Each structure stands twice: as structure tokens, then as C-alpha cells.
Amino acid sequence: MPFCHAELRASKPASIHYPKEINTLGDHIRARRLDLKLPQRQVADQIGVDEATITNWESNASLPAIRYMPAVIRFLGYDPLPFPIALPELLVKARRVLGQSQRKMAEKLGVDPGTLLGWETGRHQPTGQNLDLIEKALQSK
């Protein structure tokens with residue numbers, strides 16, 4: 001109409017598939033994918049998994065295996081796991097960020113996997129030289 005010069009602007013509503021709350025790792029992955037407007041196939045290719053795996057993660061039917069955590073963190077652009085407060089939590093988080101099994105991390109630290117398990121569960125505390133090894137390993141990540 002020639003007499004009407006009004007222009008309506010509004011942001012597009014979020015997708016119905018967008019998580020209402022971002023509580024789980026799957027919610028983080030889905031929100032990031034939708035923010036980037038990427039199909040699951042493309043995210044799967046970036047992370048190095050099958051498209052069905054992304055579907056399972058986003059629906060919280062399964063969690064990423066530890067070996068995929070570095071790629072998931074790269075895709076997200078941040079680490080979605082809460083910041084650890086105690087040494088056992090710090091060890092577990094560092095191992096996940098590195099994508100290492102307990103066996104591989106224990107090997108890197110030069111200790112038995114059972115020893116690392118004890119540290120991660122808080123049943124044992126590393127002392128002396130082991131604390132130095134842990135500090136060096138965490139700094140080199």
C-alpha cells in the first residue's frame with residue numbers, strides 16, 4: 001500500500017527442537033548444532049562418529065565415549081563439564097579432556113591403573129613425587 005511505510009521486524013523463534021534447558025552434554029551438542037544451523041551428518045563428520053551417534057547423544061540416550069571428548073569440546077568451543085573442586089574430580093576431568101582411558105593416563109603418569117583409580121575415586125591421595133608427576137602431566141595437556 002502506498003500510504004503504509006511500516007516495517008515489521010522480529011527475531012525468528014527458536015526451533016521446537018532447541019533444548020528448553022541446557023543441562024546435559026547432549027543438550028550442549030544439540031544447542032550448538034542448531035545455533036550453527038548444521039545437520040547432524042555434518043556434526044558427525046566433524047567429530048568423527050556416525051550420524052546415529054549424534055542422534056543418541058542429543059536425545060541423551062548415550063554419552064560420548066571418552067576418546068571423542070576432545071573433538072566434542074572442539075565442536076562446542078568450550079568444555080561443558082563443571083569445573084572440578086577436588087583433586088579426584090580434577091584428574092577425571094583432565095583425563096576426559098585428553099580423551100584418555102584410565103590405562104593410558106596411568107601410563108602417562110607412570111603409575112598402575114589401580115593407583116589412578118584410587119586417586120580418582122578419592123580412596124587414596126597421591127603424595128610427594130606422584131603429586132609432581134600429576135602437576136606436570138596436567139600442565140602439558
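The model is predicted, so local features need pLDDT of at least 70 and side-chain atom pairs count only at pLDDT 80 or more, while totals for chains, interfaces and linings use all residues. Residues are numbered from 1 along each chain as its sequence is written, and side-chain values use heavy atoms, with hydrogens and water left out. The protein has eight helices and zero strands, where helices (H or I, at least four residues) and strands (E, at least two) are DSSP runs numbered from the N terminus.

**Overall make-up**

- Of the 141 residues of the protein, 33% count as buried, a term that means under 20% relative accessible area, with exposed meaning over 50% and partly exposed in between (1.4 Å probe, protein chains only).
- Among contacts between residues at least 6 apart in sequence, 46% join residues at least 24 apart, a contact being heavy atoms within 4.5 Å.

**Helix H5 and its partners**

- Helix H5 (residues 87–98) packs against helix H7 (residues 113–121) at an angle of about 120 degrees, with their axes 6 Å apart; axes are lines fitted to C-alpha atoms, for helices over the stretch in contact, and angles run from 0 to 180 degrees between N-to-C directions.
- That angle makes H5 oblique to H7, since angles under 35 degrees count as roughly parallel, over 145 as roughly antiparallel, 65 to 115 as roughly perpendicular and the rest as oblique.
- Pro 88, Leu 91, Val 92 and Arg 95 of H5 make this contact with Leu 116, Trp 119 and Glu 120 of H7.
- By class, the contact of H5 with H7 has five nonpolar, no polar and two charged residues, where Ala, Val, Leu, Ile, Met, Phe, Trp, Tyr, Cys and Pro count as nonpolar, Asp, Glu, Lys and Arg as charged, and the others, Gly among them, as polar.
- The axes of H5 and helix H6 (residues 102–109) come within 10 Å and cross at roughly 105 degrees, and H5 and H6 are therefore roughly perpendicular to each other.
- Ala 94, Arg 95 and Leu 98 of H5 meet Gln 102, Met 105 and Lys 108 of H6, and this contact divides into three nonpolar, one polar and two charged residues.

- Lys 93 is placed in helix H5 and is buried, with a relative accessible area of 14%.
- Leaving aside neighbours within four places in sequence, Lys 93 is in contact with Asp 79, Leu 81, Pro 82 and Pro 84.
- Gly 118 is found in helix H7 and counts as buried at 0% relative accessibility.
- Gly 118 and Pro 88 are 30 residues apart in sequence and 8.8 Å apart in space, C-alpha to C-alpha.

**The largest pocket**

- The largest pocket has a volume of about 220 Å³, and its lining has eight nonpolar, three polar and one charged residues.
- Among the residues that line the largest pocket are Asn 23, His 28, Leu 81, Pro 82 and Arg 96.
- On a 1 Å grid over the protein atoms alone, a pocket is an open set of points where a 1.4 Å probe fits, with protein on both sides within 12 Å along at least five of seven lines, and lining residues have an atom within 4 Å of a point.
- Grid points are joined across faces, edges and corners, and a volume is the space filled by probe spheres set on the points.

**Loop residues with positive phi**

- Lys 37, in the loop between helix H1 (25–35) and helix H2 (40–47), has a positive phi of about 55 degrees although it is not a glycine, and counts as exposed at 72% relative accessibility.
- Asn 60, in the loop between helix H3 (51–58) and helix H4 (69–76), has a positive phi of about 60 degrees although it is not a glycine, and is partly exposed, with a relative accessible area of 40%.
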